Amino acid sequence: DKDAVDFRIEYRSGYKMLGIVKPWLGVERTTDSALYAAGGILMDVYFGRRWVFTPSFGAGSYKDGSGKDLGHDIEFRSQLELGYRFDDRSRISFAISHISNASLGDNNPGTEIATIYYYIPMPDVVGD
């Protein structure tokens, strides 16, 4: 019932926890002044050298601004992403994500977001 453009920046570590999942941290802001700061885990699944499928999950704090009221300050994000990796390890991806409060609040409308990412590899403090 409300549409907005979502801008986000994320840091995705190369450090693997339990040998398969990596942590991520991010901040999103919409054109309706909604703000979401979150972190979680992801897993890169490679199909050959180029194609990367990345499911992820996280939780964070949400402020609706003049945007959609998602019903609670704590919101969860699940995401499926498919990307193409270039020779320099940068990548372009398309993702579909769902954000909701998992019924923590009386109101849980949730929202879906389609995202185009461009990743720039950076040296990690730990691992990679």
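**Ground rules.** I number residues from 1 along each chain as its sequence is written, and my side-chain values use heavy atoms, with hydrogens and water left out. Because the model is predicted, I ask for pLDDT of at least 70 for local features and count side-chain atom pairs only at pLDDT 80 or more, while totals for chains, interfaces and linings use all residues.

**Entry 1: the pocket.** I began with the empty space. Rolling a probe the size of a water molecule over the atoms shows where empty space is left. My pocket search runs on a 1 Å grid over the protein atoms alone; a pocket is an open set of points where a 1.4 Å probe fits, with protein on both sides within 12 Å along at least five of seven lines, and lining residues have an atom within 4 Å of a point. Grid points are joined across faces, edges and corners, and the volume is the space filled by probe spheres set on them. The largest pocket holds about 1,200 Å³. I found 48 residues lining it, with R8, E10, R12, Y117 and Y119 nearest its centre. By class, 23 of the lining residues are nonpolar (Ala, Val, Leu, Ile, Met, Phe, Trp, Tyr, Cys, Pro), 19 charged (Asp, Glu, Lys, Arg) and 6 polar (the others, Gly among them). Strands here are DSSP runs of E, at least two residues long, numbered from the N terminus. β1 (6-12), β2 (22-30), β3 (35-42), β7 and β8 each give at least two lining residues, and β8 gives the largest share, with 9.

**Entry 2: salt bridges.** I counted a side-chain nitrogen of Lys or Arg within 4 Å of a carboxyl oxygen of Asp or Glu. The whole structure has 12 of these. One network links D6, R8, E10, R12, E28, R77 and E81. Within it, R8 pairs with D6, with the closest N and O atoms 3.1 Å apart.

I then looked up R49 and D87, whose side chains meet at 3.0 Å, N to O. R49 is in the loop between β4 (45-47) and β5 (51-63) and D87 in the loop between β6 and β7, 38 residues apart. Both R49 and D87 are exposed.

**Entry 3: the nonpolar patch.** Which residues form a nonpolar patch on the surface? I noted F86, I92, F94, I96, I116, Y118, I120 and M122, with about 870 Å² of accessible area together (Shrake-Rupley, 1.4 Å probe). Members have over 30% relative accessible area and no salt bridge, with nonpolar side chains joined within 5 Å. β7 (91-100) and β8 (111-119) each give two or more residues, and β7 has the largest share, 3. I120 lies in the segment after β8 and is exposed, at 63%.

**Entry 4: backbone angles.** Most residues other than glycine have a negative phi. I found R89, not a glycine, at a positive phi of about 75°; R89 is in the loop between β6 and β7 and is partly exposed, at 41%. A102 has a positive phi of about 55°, and its place is the loop between β7 and β8.

Conventions. Patch = residues over 30% accessible without salt bridge, like charges linked within 9 Å, V, L, I, M, F, W, Y side chains within 5 Å. Helix = DSSP H or I, 4+ residues; strand = E, 2+ residues; numbered from the N terminus. Buried < 20%, exposed > 50% of the residue type's maximum accessible area, 1.4 Å probe, protein only.
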